[in-house]
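This briefing is meant for a reader who is meeting this structure for the first time. Please look over the sequence and the model before going on to the notes, which are grouped by topic.

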Amino acid sequence: MYLSELTAISGVSGDEGAVRSYLKERLLPLCDRVEIDAMGNLLAFKKGQADRGKTLMLCAHMDEVGLIASRITDEGFIRFKNVGGIDPRVLVSKRVLVGPMQLPGVIGRRAIHLLSAEERKKSPKMTELYVDIGAKSKKETEKKVKIGDYIAFDSAYREFGDGRIKAKALDDRAGCAALLMLAEESCDWDLCFAFTVQEEVGLRGARICGKTVRPDVAIVVEGTTCSDLPGTEERMISTRLGGGAALSFLDGSTCYNRPLMDFILALAKEKRIPVQLKQTATGGNDAGALHVAAGGIPTAAISVPARYIHSPASVIARKDFEAVVSLLKHIIQEVSHV
């Protein structure tokens, strides 16, 4: 339920308010204290069963990649900039929702028969694309849209095939959904469920959370790349769909705490929870900011593999998501052994 509802909400980086409201409403009856900081991060605290004076932070980011209106043409089309990393090739003809009114629109490009032979060989540039909301003129569009309005993908949650889930924003609403499912759990240590903003544009919310909460241990719950697709060289496959929760030792922003990672791997083996090790070291997540905050925080990352990440239609395996949730439940129960 949480996953389907969360992925339906628009929450491009810098515009996470609707996601935050949804989460806050559900966390209030489950946690002792819920706060929103000046940056917009949502922090939910739960007192530990034992008075150990230690805190475990579980962190997931609320924002998703998307677009922002940058200009309105004389013909009434909306030019835009990307917010977060998006491949322009996945955008043409995709449905979107524009601004606070959630106006339906379609991303367009000049028709193929109007492109030169050389242009047809190249990927489209973001500057060549526009959003069509069906307006007849600039004046008509300006009545409904203004520069700076956010534009989110319009892509419904669907379950299909052998336990597959398709949706937009699985990076990282999968993490947000997992944390919500864990909010009823109890722990010897104090718990902080941190839902951060603006991860996709520079880990900005996490930089504040780490300094504010100063946890003893932090675990980032993410969606990560899965490229187990036809034509992909074996050495380039980072994770495999259905292979279990993905654990990282290294990525583009973090060398993960080895004793903590060893503890998590041993726990997964003991509890027979399927896990896989991420085979590439590119990219990054909120751990990049957390592990160097407040004098240094032992940090791990546990991720749900997602095909076609940062697109209008990512795909995950339900059993990978369930493995992530199961592993986190056991970590909460055993964290005093770290």
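Thr-196 belongs to strand S12, which covers residues 190–196, and in this predicted model its relative accessible area is 0%, so Thr-196 counts as buried. The side chain of Thr-196 is joined to that of Asp-286 by a polar contact of 2.6 Å.

**Two other buried residues**

- Met-62 sits in the loop that runs between S3 and S4, and with a relative accessible area of 0% this residue is buried.
- Although Met-62 and Glu-200 are 138 residues apart along the chain, their C-alpha atoms are separated by 9.6 Å.
- Asp-149 is placed in the loop between helix H4 (138–142) and S9, where its relative accessible area of 5% makes Asp-149 a buried residue.

**Strand S4 and its partners**

- Six bridges hold strand S4 (residues 66–72) and strand S5 (residues 78–83) together in the antiparallel sense, and within this pairing Ile-68 has Lys-81 of S5 as its bridge partner.
- S4 and S5 form a hairpin in which five residues lie between the two strands, and Gly-76, in the turn, has a positive phi of about 95°.
- S4 also runs antiparallel to strand S9 (residues 150–153), to which two bridges join it, and here Leu-67 stands opposite Ile-151 of S9.

**Salt bridges**

- Side chains of opposite charge can pair when their charged atoms come close.
- The structure holds twelve salt bridges, and three of them are described here, beginning with the pair of Arg-33 and Glu-35, whose side chains meet at 2.6 Å, taken from N to O.
- Both members of that pair are partly exposed, Arg-33 having a relative accessible area of 42% and Glu-35 one of 33%.
- A further salt bridge brings together the side chains of Glu-64 and Lys-168, at 3.1 Å from N to O.
- Because Glu-64 lies in the loop between strand S3 (55–61) and S4, while Lys-168 lies in the loop between strand S11 (164–167) and helix H5 (170–182), this pair ties together parts that are 104 residues apart in sequence.
- Glu-64 and Lys-168 are both buried.
- Arg-95 and Asp-154 also form a salt bridge, in which the closest N and O atoms are 4.0 Å apart.
- That pair links distant parts of the chain, since Arg-95 is in strand S6 (residues 95–98) and Asp-154 is in the loop between S9 and strand S10 (158–160), 59 residues apart.
- Asp-154 counts as partly exposed, its relative accessibility being 27%.

**The largest pocket**

- Rolling a probe the size of a water molecule over the atoms shows where empty space is left.
- The largest pocket holds about 390 Å³ of space, and among the 20 residues that line this pocket, those closest to its centre are Asp-171, Thr-225, Gly-283, Gly-284 and His-310.
- Strand S13 (217–225) and strand S16 (299–306) are the elements that give two or more residues to the lining of the largest pocket, and S13 gives the most, with four residues.
- By residue class, the lining of the largest pocket is made up of three nonpolar, eleven polar and six charged residues.

**The largest cavity**

- The structure holds one cavity of 30 Å³ or more, and the largest cavity contains about 60 Å³ of space.
- The lining of the largest cavity consists of Glu-64, Val-65, Phe-153, Ala-169, Leu-170, Asp-171, His-310, Ser-311 and Ser-314, which divide into four nonpolar, three polar and two charged residues.
- Asp-171 and His-310 are named among the residues closest to the centre of the largest pocket, and Asp-171 and His-310 also line the largest cavity.
- Glu-64, which meets Lys-168 in a salt bridge, is likewise one of the residues that line the largest cavity.

Definitions and conventions
Residues numbered from 1 in each chain as written. Predicted model: local features only at pLDDT ≥ 70, side-chain atom pairs only at ≥ 80, totals over all residues. Heavy atoms only, no water. Pairing = 2+ DSSP bridges. Buried < 20%, exposed > 50% of the residue type's maximum accessible area, 1.4 Å probe, protein only. 1 Å grid on protein atoms, 1.4 Å probe; cavity = no way out; pocket = protein on both sides within 12 Å on 5 of 7 lines; lining within 4 Å. Points joined across faces, edges and corners; volume = space filled by probe spheres on them. Nonpolar A, V, L, I, M, F, W, Y, C, P; charged D, E, K, R; others polar. Polar contact = N/O pair within 3.5 Å; in protein donor to acceptor, adjacent residues only side chain to side chain.
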